[in-house]
Amino acid sequence: MRLNGIRLSHNKNTEDCETVELGCPAKIIVSMSQHIGAPAEPTVKVGDLVKVGTKIGDADTRMTCPIHSGVSGKVTKIGEILLPNGKACKTVEIESDGRQEKDEGLSPPEITDKASLAAAVRASGCCGMGGAGFPTHIKLDYDEEKAHIDTLVINAAECEPYITSDYRELIENSEGVIGGMKLIRDVLGIERVCIGIEENKPRAIKLFREKLASEKGIEVIKLRSIYPQGAEKVIAFNATGRIIGEGQLPSDQGLIVMNVSTVGMIYQYAQTGMPFCARRVTLDGDAVGKPSNISAPIGTPITDLLAAADTDIENIRRLLAGGPMMGMSLYDPSLPLLKTTNAFLAFKSEAQEFLHTNCIRCGRCIEACPLGLMPCEFEKAYDRRDRDALNKLKINLCMNCGSCTYVCPAKRPLAEKNQLAKGFALSR
Amino acid sequence: MKKYTVSPSPHLRSGASTTLIMFHVIIATVPAMIAAGVFFGWRALLLIGFCAITSMIWERLCCFLMKRPDSTEDLSALVTGILLAFNLPVTLPLWIAAIGTFVAIVITKQLFGGIGQNFANPAIVGRIVLMLSFTGRMTSWAVPNGLDAVSSATPLVTGTAGYFDLFIGRCGGCLGETSALALLIGGIYLVVMKVITPHAPLAFIGTVYAFSAITGRDPIYQILSGGLMLGAIFMATDYVTTPVTKKGRVIFGIGCGLITCVIRFWCSAPEGVSYSILLMNIVTPYIDMFTRKKPFGAKPPEKKEAPQ
């Protein structure tokens with residue numbers, strides 16, 4: 001069986017752009033909601049002094065991990081922002097003192113078993129860095145009675161156009177990635193580790209094949225450059241042949257699937273005790289003068305990043321967080337960098353308005369859907385508000401990859417309708 | 001601070017459009033048009049042009065009267081006009097052809113909601129209505145004979161044409177259906193351009209071949225004569241009126257092939273391609289219903305326990 005997918009032009013303009021440090025932004029605005037799950041609560045007050053790595057937010061809920069400051073300075077405000085996903089959340093604003101002093105309390109964690117690994121990963125503030133942002137400690141905190149994890153899949157597909165931040169992680173931090181893989185493997189007693197890289201990154205494939213040549217049980221898997229290769233279910237199937245079924249988690253199939261930058265981050269914390277408070281982000285798009293990969297503290301305003309990449313900020317008409325297929329379009333460039341953002345794309349052209357015509361039943365959306373769904377049927381069922389039909393067609397499996405909208409010759413907004421239909425079908 | 005327009009993902013679209021697809025279909029009909037011009041003379045081209053233009057006029061008029069956005073620019077009416085002309089004998093008076101395009105565009109397509117909404121192939125319905133209403137004129141075939149066309153029966157009735165003549169189209173019949181070669185070139189173009197998948201045409205032609213062989217008829221003669229190539233390549237691949245999945249398209253093709261053979265061999269009508277496609281158009285929603293794709297990793301529907 002081969003999963004469907006679509007061919008996109010890669011536009012990896014930044015693949016040879018070595019990561020540059022942004023330096024210290026004057027002010028950071030750290031959102032207390034960085035990823036899916038419950039938001040954190042600020043643990044600092046206005047006027048508190050913080051350093052790089054100081055914890056500034058946390059919560060007791062399971063799906064939350066702590067948030068740390070990426071700069072040294074003074075907390076000036078506990079504010080509120082509207083995130084691009086439409087949710088309002090608290091923020092901690094920190095004025096930097098420019099010294100970037102590290103918090104003295106930071107020290108490498110002691111990792112001996114599964115529980116201590118999960119605790120350390122939670123303390124590091126790690127969440128999936130590929131986009132969806134599932135808190136990483138949850139993946140490691142599976143129930144050993146119920147799940148036997150035998151395979152770790154490292155997702156380095158990076159199938160979205162433009163984005164190269166994971167690719168740069170592979171090239172620049174290969175030791176860290178391998179170290180992280182081994183750490184997780186050894187602590188959890190996993191038999192097989194596979195790292196899936198798309199064939200449009202031959203240099204990374206070669207580098208890892210060389211470095212892992214003598215390693216037993218760690219495999220580099222060359223994946224076809226087909227979108228959405230990096231979707232969790234897709235890469236899990238293409239790397240291991242296992243099908244993560246409806247309503248299942250990867251652990252139900254004996255798998256842990258992790259983004260490559262996340263693995264690098266876990267290793268960094270395990271070695272130095274420095275938590276997740278800065279990340280690499282790709283800046284590209286036709287409004288960006290110098291497409292680049294920039295490493296910046298979490299909470300850095302997007303305008304600072306755009307300025308560092310020589311962007312003509314006045315002429316931006318469209319700004320995306322993430323890739324052009326699943327990224328979110330932003331209304332305001334003063335929003336901050338989140339832990340889950342792997343790219344900012346700025347374009348000089350407005351979002352194009354497409355006149356859509358009737359569905360001509362060409363079946364291209366069905367041929368494109370990686371999960372074998374029928375988007376054209378979803379649309380018809382949603383238009384007549386047929387909840388039973390939507391559930392029978394498995395609207396709940398749609399992951400909003402956007403392939404159906406991409407291929408539709410009648411330019412129908414299928415992915416958008418799928419999301420509406422999903423909300424409709426699940427509400428009762 | 002400056003605010004931007006936001007839009008839902010994906011922010012990329014492919015270059016495909018309905019107009020482009022129809023344009024490719026028109027390109028694919030060009031070889032058959034040339035063949036018609038060569039074998040039947042300039043009047044064949046006149047008839048094709050006339051049908052194409054009247055189709056566009058009906059479409060525009062309908063959109064105007066029904067207060068719909070004008071849909072002539074998607075070129076689908078042009079395709080319908082050309083395909084209907086392919087199904088007409090070269091001697092047909094123009095006013096009859098105009099009735100044909102009226103039935104195709106106004107009655108079969110626009111009254112059902114325009115592009116994408118019609119349940120049957122407009123060109124097929126147009127042809128069948130003309131066939132039943134003007135049987136004599138619709139069956140006065142012209143045989144290409146040097147410069148002049150002479151009236152005679154189609155090879156499907158006479159059964160006496162050579163394979164080569166049938167293949168290149170030097171035989172009697174509707175003006176676009178005779179040249180298997182030209183139609184195949186068009187079909188290959190459509191497959192290469194990824195406009196159609198070859199499932200329905202192969203299943204259709206294959207079924208006719210197999211069924212003819214089983215019942216002791218000359219299978220090559222059967223697939224080269226009549227409207228089979230035209231129907232299989234251009235009519236049984238119409239998106240709107242055929243199934244959406246590949247599996248469904250195979251079933252559609254097999255059904256068309258069987259009905260065609262039954263009509264050809266045991267009915268009083270000499271040709272059954274158009275009826276077979278119309279009948280399979282009608283069952284398309286059911287084929288779609290039974291050939292839904294199985295979603296990746298979906299839980300099988302809960303089975304009720306069988307009574308002990």
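This is a predicted model: local features need pLDDT of at least 70, side-chain atom pairs count only at pLDDT 80 or more; totals for chains, interfaces and linings use all residues.
In chain A, a parallel open sheet is formed by four strands in the order S11-S10-S9-S12. Strands S11 (218–223) and S12 (255–259) stand at the edges of this sheet. Each of these two strands has a single partner strand, so one side of each is left without a neighbour in the sheet. From one strand to the next, the twist averages 25°. Within the sheet, strand S10 (residues 192–198) of chain A is joined to S11(A) by six bridges, and the two run parallel. In this pairing, A:Val193 stands opposite A:Ile218 in S11(A).

Antiparallel pairing is found elsewhere in chain A, where strand S7 (residues 73–82) is joined to strand S8 (residues 88–96) by nine bridges. Across this pair, A:Gly79 is placed opposite A:Thr91 in S8(A). S7(A) and S8(A) form a hairpin with five residues between the strands, in which A:Gly86 adopts a positive phi near 95°. S7(A) also pairs with strand S4 (residues 49–50) of chain A, again in an antiparallel arrangement, through two bridges. Here A:Val50 has A:Gly73 of S7(A) as its bridge partner.

Helix H7 (residues 260–272) of chain A is placed across strand S9 (151–156) and S12 of the chain, and runs at about 90° to S12(A). H7(A) also packs with helix H4 (residues 174–188) of chain A; the two axes come within 7 Å and cross at roughly 80°. Because angles of 65 to 115 degrees count as roughly perpendicular, H4(A) and H7(A) are therefore roughly perpendicular to each other. On the H4(A) side, the contact involves A:Gly176, A:Val177, A:Gly179, A:Gly180, A:Met181 and A:Leu183. These residues meet A:Val260, A:Val263, A:Gly264, A:Ile266, A:Tyr267, A:Gln268 and A:Ala270 in H7(A). The residues of this helix–helix contact comprise eight nonpolar and five polar, with no charged residues.

The contact between the two chains draws 51 residues from chain A and 35 residues from chain B. On the side of chain B that touches chain A, 15 residues are nonpolar, 12 are polar and eight are charged.

Notes: Residues are numbered from 1 along each chain as its sequence is written. Chains are lettered from A and ligands numbered from 1 in the order in which they are written. Two residues are in contact if their C-beta atoms, placed from the backbone, lie within 7 Å. Ala, Val, Leu, Ile, Met, Phe, Trp, Tyr, Cys and Pro count as nonpolar, Asp, Glu, Lys and Arg as charged, and the others, Gly among them, as polar. Axes are lines fitted to C-alpha atoms, for helices over the stretch in contact, and angles run from 0 to 180 degrees between N-to-C directions. Angles under 35 degrees count as roughly parallel, over 145 as roughly antiparallel, 65 to 115 as roughly perpendicular and the rest as oblique. Two strands pair if DSSP finds at least two bridges between them.
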